Amino acid sequence: QVQLVESGGGLVQPGGSLRLSCAASGSVFSINAMGWAMGWYRQAPGKQLELVAASFSDGSTNYADSVKGRFTITRDTAKIGVYLQMNSLKPEDTAVYYCKLDSGNDYWGQGTQVTVST
């Protein structure tokens with residue numbers, strides 16, 4: 001069984017920064033080291049789950065229009081994991097952020113709360 005461990009959420013003022021991390025643990029030997037994708041999704045109260053950013057095995061990335069130029073997703077080359085650097089945070093970025101691993105099977109993290117407020 002593969003688990004995703006997320007960290008880095010919290011409360012930050014508008015304009016501030018946070019860095020989220022997500023790492024796979026457990027049966028990671030079952031994951032193709034050259035063939036996994038990982039992304040961050042978020043869900044704000046009363047809204048649908050949306051893709052924020054994704055990192056693919058070919059090195060490409062994908063971002064929601066609302067975060068382009070502010071958020072950066074990077075892969076952890078030492079393990080199955082990604083980081084999400086979030087800069088210039090806005091109140092509308094407030095949500096629970098979830099990490100998802102796609103390795104043929106889908107795995108989800110437990111979610112981490114990000115609150116942007118004065």
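1. In this predicted model, R42 and E50 form a salt bridge in which the closest N and O atoms lie 2.6 Å apart.

2. A second pairing to look at is the salt bridge between R70 and D93, whose closest N and O atoms are 2.8 Å apart. This pair links distant parts of the chain, since R70 sits in the loop between β6 (61–63) and β7 while D93 sits in the loop between β8 and β9, 23 residues apart. Here R70 is buried, with a relative accessible area of 10%, and D93 is buried as well, with a relative accessible area of 1%.

3. K79 forms a salt bridge with D76, and in this case the closest N and O atoms are 3.8 Å apart. K79 is partly exposed, with a relative accessible area of 42%, while D76 counts as buried at 11% relative accessibility. Separately, salt bridges that share partners join R42, E50, R70 and D93 into one network. The count for the model comes to six salt bridges, and the pairs described above are among them.

4. The model has one disulfide, which joins C22 to C99 with an S to S distance of 2.1 Å. With -85° about the S-S bond, this link of C22 and C99 is left-handed. The pair connects distant parts of the chain, with C22 in strand β3 and C99 in strand β9, 77 residues apart. C22 counts as buried at 2% relative accessibility, and C99 is buried with a relative accessible area of 0%.

5. The largest nonpolar core contains 31 residues, of which M38, W40, L84, M86, Y97 and L101 touch the most other members. Strands that each supply at least two residues of this core include β1 (2–7), β3 (18–26), β4 (37–43), β5 (50–55), β7 (71–75), β8 (81–86), β9 (95–102) and β11 (112–116). In soluble globular proteins, nonpolar side chains tend to be buried together.

6. Leaving aside neighbours within four places in sequence, M86 is in contact with G16, S17, L18, L20, R70, F71, Y97 and V114.

Key
Residues are numbered from 1 along each chain as its sequence is written. This is a predicted model: local features need pLDDT of at least 70, side-chain atom pairs count only at pLDDT 80 or more; totals for chains, interfaces and linings use all residues. Side-chain values use heavy atoms; hydrogens and water are left out. A nonpolar core is a set of buried Ala, Val, Leu, Ile, Met, Phe, Trp, Tyr and Cys residues joined through side-chain atoms within 4.5 Å. Buried means under 20% relative accessible area, exposed over 50%, partly exposed in between (1.4 Å probe, protein chains only). Helices (H or I, at least four residues) and strands (E, at least two) are DSSP runs, numbered from the N terminus. Contact means heavy atoms within 4.5 Å. A salt bridge is a side-chain nitrogen of Lys or Arg within 4 Å of a carboxyl oxygen of Asp or Glu. A disulfide is a pair of cysteine sulfur atoms within 2.5 Å.
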